[in-house]
Amino acid sequence: MRNLSSDSRLLSLNTATVDPLWSLRECIEGCVRHGVGAIAPWRHKLVECDLNAAARAIVDSGLVVSDLCRGGMFPAADAAGRQAAIDDNRRAVDEAVALNARCLVLVVGGLPPGSKDIAGARRQVRDGIAAVLEHARAARMPLAIEPLHPMYAAERACVNTMAQANDLCDELGVGVGVAVDVYHVWWDPNLEAEIRRAGAAGRLLAFHVCDWLVPTNHLFLDRGMMGDGVIDIRRIRGWMEDAGYDGTCEVEIFSAEDWWKRDPDEVLRVCVERHRTVV
Ligand code: ZN
């Protein structure tokens with residue numbers, strides 16, 4: 001069993017962590033400079049450059065792509081909207097393949113505008129993933145469902161617990177797994193058992209870390225650096241390892257008021273240090 005925190009080669013930089021500060025190319029160069037072994041690009045970063053050129057730059061730098069963020073956002077008010085989401089997710093699969101990503105992360109989407117039918121939204125999510133799955137399987141690109149904290153159920157993701165994500169995986173079958181983001185699931189009393197369940201099914205595809213600050217100001221963009229909040233990240237990491245997870249530990253920090261205002265080289269330096277001491 002590998003110790004995820006002992007080696008910065010097993011650390012991955014999710015580009016959201018330095019999103020307004022660095023282009024994709026600068027992120028790649030920053031990872032190399034700081035000994036970070038992996039990268040997880042957001043798709044909007046790929047717009048800055050040619051996809052194949054980005055893939056080549058990542059390979060030439062010796063970086064692993066822990067995942068591509070993100071597909072998903074399946075629910076829509078009408079059939080045309082749902083089909084557009086499916087088409088976009090097929091393109092995301094192709095991009096993930098071009099980048100040789102370990103998986104495509106799905107932020108599945110919340111309620112369609114005007115809707116109060118969360119059960120219906122969850123059915124649309126299931127049907128949307130099912131509609132993309134054949135394409136993903138043919139491309140050998142695993143889809144990683146990321147459960148989001150319940151406060152995001154309306155706007156971002158109506159899959160909110162690991163149990164829900166595991167149930168969806170059971171229903172959909174081969175080619176679907178789970179991305180575990182400590183920010184979203186740390187509070188869940190069933191977290192350890194559901195990580196074990198996901199591990200037993202071989203579906204632990206990604207591990208995202210940051211911290212939950214107290215108090216938390218604005219919920220989308222106030223994530224903390226590992227060690228600055230209340231999440232026992234090392235304990236959760238231990239559960240991941242015990243369940244057989246052998247991927248990277250991916251730092252994903254949205255922080256409009258703090259980390260996005262610092263020198264990105266300082267951000268990476270602290271990420272590497274906290275990965276060693278806290279994760
Ligand atoms: Zn995440």
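Which residue in β9 does Leu13 stand opposite? In this predicted model, Leu13 stands opposite Val251. Residues are numbered from 1 along each chain as its sequence is written, and side-chain values use heavy atoms, with hydrogens and water left out. Because the model is predicted, local features need pLDDT of at least 70 and side-chain atom pairs count only at pLDDT 80 or more, while totals for chains, interfaces and linings use all residues.

Strands (E, at least two residues) and helices (H or I, at least four) are DSSP runs, numbered from the N terminus. Two strands are taken to pair if DSSP finds at least two bridges between them. Strands of a sheet pair through backbone hydrogen bonds, either parallel or antiparallel.

Strand β1 (residues 11-14) is joined to β9 by 3 bridges, and the two run parallel. Another 3 bridges join β1 to strand β2 (residues 38-40), again in parallel, and here Leu13 stands opposite Ile39. Both faces of β1 are covered, with Leu11 and Leu13 buried on one side and Ser12 and Asn14 buried on the other. Buried means under 20% relative accessible area, exposed means over 50%, and partly exposed lies in between (1.4 Å probe, protein chains only). In a regular strand the side chains alternate between the two faces of the sheet.

Strand β8 (residues 204-209) pairs with β9 in the parallel sense over 2 bridges, and the bridge partner of Val209 in β9 is Val251. On its other pairing, β8 is joined to β7 by 4 bridges, also parallel, and Asp181 has His208 as its bridge partner in β8. Because 6 of the 6 residues of β8 are buried, this strand is largely enclosed by the rest of the structure. Strand β6 (residues 143-145) and β7 pair in the parallel sense over 3 bridges, with Ile145 opposite Val178 in β7.

The buried residues of α9 are Ile233, Ile236, Arg237, Gly238, Met240 and Glu241; they pack against β7, α7, α8 and β8. Contact here means heavy atoms within 4.5 Å. Just after α9, Gly244 takes a positive phi of about 100°.

In helix α8 (residues 191-200), the buried residues are Leu191, Glu194, Ile195, Ala198 and Gly199. They cover an arc of only 140° around the axis, which puts them on the same side of α8; the arc is that of the directions from the helix axis to the C-beta atoms. Among the elements covering these residues are α6 (162-172), β7 (176-181) and α9 (233-242).

The zinc ion has as its protein donors Glu146 (OE), Asp181 (OD), His208 (ND1) and Glu252 (OE), at 2.0 to 2.3 Å. Along the chain the donors follow the spacing E-x34-D-x26-H-x43-E. His208 in β8 and Glu252 in the loop between β9 (249-251) and α10 (264-277) link distant parts of the chain, being 44 residues apart. Donors are N, O and S atoms within 2.8 Å of the metal (3.2 Å for Na, K and Ca); water is not among the atoms, so sites may look incomplete. The angles among the 4 donor atoms are 86 to 147°, and the site is irregular. Four donors count as tetrahedral if all angles lie between 85 and 135 degrees; four count as square planar and six as octahedral if opposite donors are over 155 degrees apart and all others between 65 and 115; anything else is irregular. Glu252 counts as buried at 3% relative accessibility. Beyond its neighbours within four places in sequence, Glu252 is in contact with residues including Asn14, Trp42, Cys69 and Arg223.

Two cis peptide bonds complete the description: Cys69 to Arg70, with omega near -5°, and Val214 to Pro215, also with omega near -5°. Arg70 lies in strand β4, and Pro215 lies in the loop between β8 and α9.
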